[in-house]
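Hello! Here is the structure I promised to pass on.

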Amino acid sequence: TTQVEEREFQAEARQLLELLIHSVYSNKDTFLRELISNASDALDKLRLEAFRNKDLVVDTDDLHIQIEADKEARTLTVRDNGIGMTRDEVVGLIGTLAKSGTAELRRALAEARKADGGEAPSELIGQFGVGFYSTFMVADKVTMVTRKAGEATGTRWESAGTGTYTIEEFPEAPQGTAITLHLKDSDDEDHLYDYTTEWKIREIVKRYSDFISWPIRMEQESTVDGETTTEMVTLNSRKALWARPKSEVTDEEYTEFYRHIGHAWDEPLEVISMRAEGTFEYQALLFVPTHAPHDLFTREHKRGVQLYVKRVFIMDNCEELMPQYLRFIKGVVDAQDLSLNVSREILQQDRQISRIQKRLVKKVLSTIKDLQANDPGKYRAFWGEFGRVLKEGLLLDFDNRETLLEISSFVSTHTAGNADEPWTTLAGYVERMQDGQEHIYYMTGESRQLVENSPHMEAFKAKGLEVLILTDPVDEMWVDSVHEYNGKQFRSIAKGDIDLDSDEDKEKHEEQDQEFADLLAALKEALSDTVKDVRLSHRLTNSPACLVGDDFDITPTLEKLYRASGQ
Ligand code: ADP
Ligand code: MG
């Protein structure tokens, strides 16, 4: 049957499309980068699938991307002979905004809808990856013909981006995907945005997609002696960026590569390039992003470091190369001495891989340390985005604990409220420690305000003692297993008896203890069901009473956490 079915886009997809159709976003050229990026992914997937699945009958000899422009018809087609999509995949991947990368965008769109006017700002396009949908910035109709490798029949999809699309069986579709844009009429007389112009296409490919490893081809006309001939030319240099020395690669090239592999739209904050020669050769190109993706704390998060073997893409998010607490790092590791057949199971046991991981981690941490020392502004930007994740390493990465403590920053009673310098390092804290102060004091809690206004804080304020204010959930965890920094022990001000007194104070307190002994005994008796002990506090200055935990008790926040999780 070749029945045409009309379907609706899912609500958020509809809203996004609406936004794109009326977009005044200035950088419309990026639609081509998105199409090429998808085509390149599809070719990677096919090569890998053909290698793994010997039953799959496909021709992988000439995998490539082809661009075809038709000036008369005003169409632009991007064609690949990659993995293709089944009908269900087309509906799921193209008809809905279901991918994790768009969850944040979805929220932003929903918020805009709720707000007055309901207009979503066009900057949203620049902030989030809109991928395939970006075609609707330049096209008033998009047609997609695709056939999944190994499937007998194909699918044709078409939409004007206005709420609905049509989908039908399309038996004659070649394997792979062809996306044809019916370009909007452009009113620009200089043809700056005429995407059927050869030089324009050439320029965009060069700028955004030069490093793509598959050939991007286009037919080129040339007239010699009145005779017009056409020939197929390859537009991209195909040079793997990680194989080139850093000095020869421009910032723009790194940015575009980062965006391609990370499906990101921001700029990299830092680029790390490494190579190892000898018994186990590999090259690595890593990026510290500028912005944390919204899904960094959910299971959905799955981008990360890609593994290549001898220039061949093997897998996304290779967890064996980057530990969980550095999951925000994006990039590529290209290993020379692994088999193309390598699997997760093999990687997990490979000693070379764990050695590479160790080196990558050290390099990432030392890069952050350099930022901290030489570019405080950048370091602060980094810490604001990724500090919460990095601190997970304090718990998990025993080998690098010292370095992690050094590059970590904390809010403290000394820095709180200081917009220019909101955090202190532990080194900074230690430097400000008072004569005779032995411990690094901290208090954990749900918010800065709660901690700052805690009765426990009073005596420390009165004595001018600095206290770290730890309010991230992960803080509750690491303080239990990290005991000291540079020989100075961490000490919770909410636990046990902290002795802040001079000898003179002590004498006075003993007198007071005597004086109130009867009252304390009576209180203890009366409260015996709820508290372990009642002591006269010498710590409070304003509050009449406070609850303290024993040294080895869990903290109230942790208690709440456990209770919430039903333990
Ligand atoms: P992203 O690439 O970030 O996943 P896109 O909107 O660019 O988001 O694409 C959505 C999905 O559609 C892709 O993940 C892929 O599964 C599928 N897709 C898009 N273009 C192609 C293509 N040329 N060949 C095969 N699948 C494709
Ligand atoms: Mg894409």
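**Strand 14 and its neighbours**

Strand 11 (residues 282-289) and strand 14 are joined by 6 bridges and run antiparallel. Helices (H or I, at least four residues) and strands (E, at least two) are DSSP runs, numbered from the N terminus, and two strands pair if DSSP finds at least two bridges between them. Within this pairing, Gln-283 has Asp-334 of strand 14 as its bridge partner. Strand 12 is joined to strand 14 by 5 bridges, and these two run parallel; here Leu-307 has Val-333 of strand 14 as its bridge partner.

Before going further, please keep in mind that this is a predicted model: local features need pLDDT of at least 70, side-chain atom pairs count only at pLDDT 80 or more, and totals for chains, interfaces and linings use all residues. Residues are numbered from 1 along each chain as its sequence is written, while chains are lettered from A and ligands numbered from 1 in the order in which they are written.

How enclosed is strand 14 by the rest of the structure? Strand 14 (residues 330-335) is largely enclosed, because 6 of its 6 residues are buried. (A residue is buried if 20 or more other C-beta atoms lie within 10 Å of its own, exposed if 12 or fewer, and partly exposed in between; C-beta atoms are placed from the backbone.) Lys-330, Val-332 and Asp-334 point one way from the strand, Gly-331, Val-333 and Ala-335 point the other way, and all are buried. As background, side chains in a regular strand alternate between the two faces of the sheet.

**The chain overall and its core**

The protein chain has 18 helices and 19 strands, and 33% of its 567 residues are buried. Of the contacts between residues at least 6 apart in sequence, 69% join residues at least 24 apart; two residues are in contact if their C-beta atoms, placed from the backbone, lie within 7 Å.

The largest nonpolar core contains 117 residues. Such a core is a set of buried Ala, Val, Leu, Ile, Met, Phe, Trp, Tyr and Cys residues joined through C-beta atoms within 7 Å. The residues with the most contacts inside this core are Leu-321, Ile-329, Val-333, Met-443, Val-467 and Leu-468. Helix 2 gives the largest share of this core, 8 residues. Leaving out residues up to four places away in sequence, Leu-468 touches Phe-410, Ser-412, Tyr-429, Ile-440, Tyr-441 and Tyr-442.

**An open sheet with a helix on it**

Another part to look at is an open sheet of 5 strands in the order 15-17-16-19-18, with mixed pairing. Strand 15 (411-412) and strand 18 (484-485) stand at the edges with a single partner strand each, so one side of each has no neighbour in the sheet. Helix 16 (residues 473-481) packs on the sheet and touches strand 16 (439-444), strand 17 (467-470) and strand 19. The direction of helix 16 makes about 145 degrees with that of strand 16; axes are lines fitted to C-alpha atoms, for helices over the stretch in contact, and angles run from 0 to 180 degrees between N-to-C directions. Strand 18 and strand 19 (residues 488-492) run antiparallel and are joined by 2 bridges, with Glu-484 opposite Gln-489 in strand 19.

**Around ligand 1**

Which residues are closest to ligand 1? Of the 18 residues that surround ligand 1, the closest are Asn-38, Ala-42, Gly-131, Phe-132 and Thr-177. (A residue is near a molecule or strand if its C-beta atom, placed from the backbone, lies within 6 Å of it.) Helix 2 (30-52) and helix 3 (87-94) are the elements that give two or more residues to this shell, and helix 2 provides the largest share, 4 residues. By class, the shell has 7 nonpolar, 8 polar and 3 charged residues; Ala, Val, Leu, Ile, Met, Phe, Trp, Tyr, Cys and Pro count as nonpolar, Asp, Glu, Lys and Arg as charged, and the others, Gly among them, as polar.

**A few loop residues**

Asp-225, in the loop between strand 8 (216-224) and strand 9 (227-234), has a positive phi of about 50 degrees although it is not a glycine. Asp-225 counts as exposed because it has 4 C-beta neighbours inside 10 Å.

Gly-150 sits in the loop between strand 4 (139-147) and strand 5 (154-159). Gly-150 and Val-58 are 92 residues apart in sequence, yet their C-alpha atoms are 7.1 Å apart in space.
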